[in-house]
Amino acid sequence: MAGAKESPRERYRAQVRSEIKERAWEQIATAGASGLSLNAIAKQLGMSGPALYRYFAGRDELITELIRDAYRSLADAFRAAAESGADLVGLAHAMRDWALGDPQRYFLVYGTPVPGYHAPDDVTTIASEIMSTLLDACAAAPGADPHGDAFDEHLADHRPWAAGHPAPPAVLHTALAFWTRLHGVLSLELAGHFTGMGFDPAALFAAEIDDLSATR
C-alpha cells in the first residue's frame with residue numbers, strides 16, 4: 001500500500017527544516033559546531049527565534065539531525081560501494097571520496113566532540129551500519145582469519161562496538177586497523193596539515209591501504 005500523501009503543511013515544514021539545516025551547515029563551516037546559533041539562523045531566514053524553535057526544539061536536536069544525516073550519508077555510500085562489489089580497498093576509497101566531498105560533514109561526526117552534546121542511541125545505530133559493512137568486507141577478504149595475537153584475544157571479550165557482528169577477533173582487529181589508520185590520514189589531510197609538504201595526500205592514502213592489506 002502506498003504511503004499517505006504529505007499535506008501542504010507537512011511539505012512546508014519539511015522545506016523549512018531543510019533550509020534550517022542548510023544554514024546550520026554554513027555556520028559550522030565558518031564557526032564550527034560549537035558556535036552553532038539557532039537565533040542567528042532564525043535571523044537569516046527572516047523569522048523570530050521562537051518561530052524557529054517550532055521546527056527544532058534546541059541546538060542539540062539540530063546537531064543530532066545533522067549528525068544523523070551525515071552518518072546516513074556515509075552508511076549509504078558504503079552500502080552502495082559494497083553492493084557494487086567493492087572490497088576493502090574500494091570501501092577505503094569510498095570513505096575518502098565521501099570525506100573530501102564535504103569536510104565539515106566529516107568533522108562533525110569524526111572530529112572534536114561538540115562540548116556538552118551527547119548523541120542519542122539511534123545515531124549510534126546508524127554508525128554501527130557503517131562498521132558492519134566494513135566487517136563484512138574484512139571477513140570476505142583473503143586471509144581474513146590469521147593467527148591471533150594479544151589484541152585479538154582482548155577483542156574476544158571487548159566487542160560491543162561491533163554491534164553483534166559474528167566476525168572472529170582477528171577480523172575485528174583488521175577492521176579496527178583499517179578504520180583508525182585511514183581516519184588518521186584523512187583527518188590530517190582535511191585539516192590541511194599536509195599543505196606545503198610537497199606530496200600527494202591521495203598517494204599517501206593509497207600507500208596506507210597497500211600497507212594494511214599486506215600486513216593482514
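Helices here are DSSP runs of H or I with at least four residues, numbered from the N terminus. The model is predicted.

**The largest pocket**

The largest pocket holds about 220 Å³ of space. Its lining counts 14 residues, and Ile67, Leu108, Val109, Tyr117 and Ala119 are the closest to its centre. Three helices each give at least two residues to this lining: α4, α6 and α7. Their residue ranges are tabulated below.

| Helix | Residues | Share of the lining |
|---|---|---|
| α4 | 59–83 | at least two residues |
| α6 | 103–110 | at least two residues |
| α7 | 121–140 | at least two residues |

**Helix α9 and its flanks**

Helix α9 runs over residues 169–190, 22 residues in total. From first C-alpha to last, α9 reaches 31 Å, close to the 32 Å expected at 1.5 Å a residue. Gly192 follows α9 and has a positive phi, near 85°. Ala163 sits in the loop between α8 (150–156) and α9. Phi of Ala163 is also positive, near 50°, in a residue other than glycine.

**Packing of α7 and α9**

Two packed helices are described by the angle between their axes and the distance between the axes. For α7 and α9 the angle is about 120°, and the axes lie 9 Å apart. Therefore α7 is oblique to α9, as roughly perpendicular covers 65 to 115 degrees and roughly antiparallel begins over 145. The crossing of α7 and α9 is right-handed.

How values were computed. Residues numbered from 1 in each chain as written. Predicted model: local features only at pLDDT ≥ 70, side-chain atom pairs only at ≥ 80, totals over all residues. Heavy atoms only, no water. 1 Å grid on protein atoms, 1.4 Å probe; cavity = no way out; pocket = protein on both sides within 12 Å on 5 of 7 lines; lining within 4 Å. Points joined across faces, edges and corners; volume = space filled by probe spheres on them. Expected span 1.5 Å × (residues − 1). Axes fitted to C-alpha atoms, helices over the stretch in contact; angles between N-to-C directions. Parallel < 35°, antiparallel > 145°, perpendicular 65-115°, else oblique. Left-handed = near helix turned anticlockwise from the far one by under 90°.
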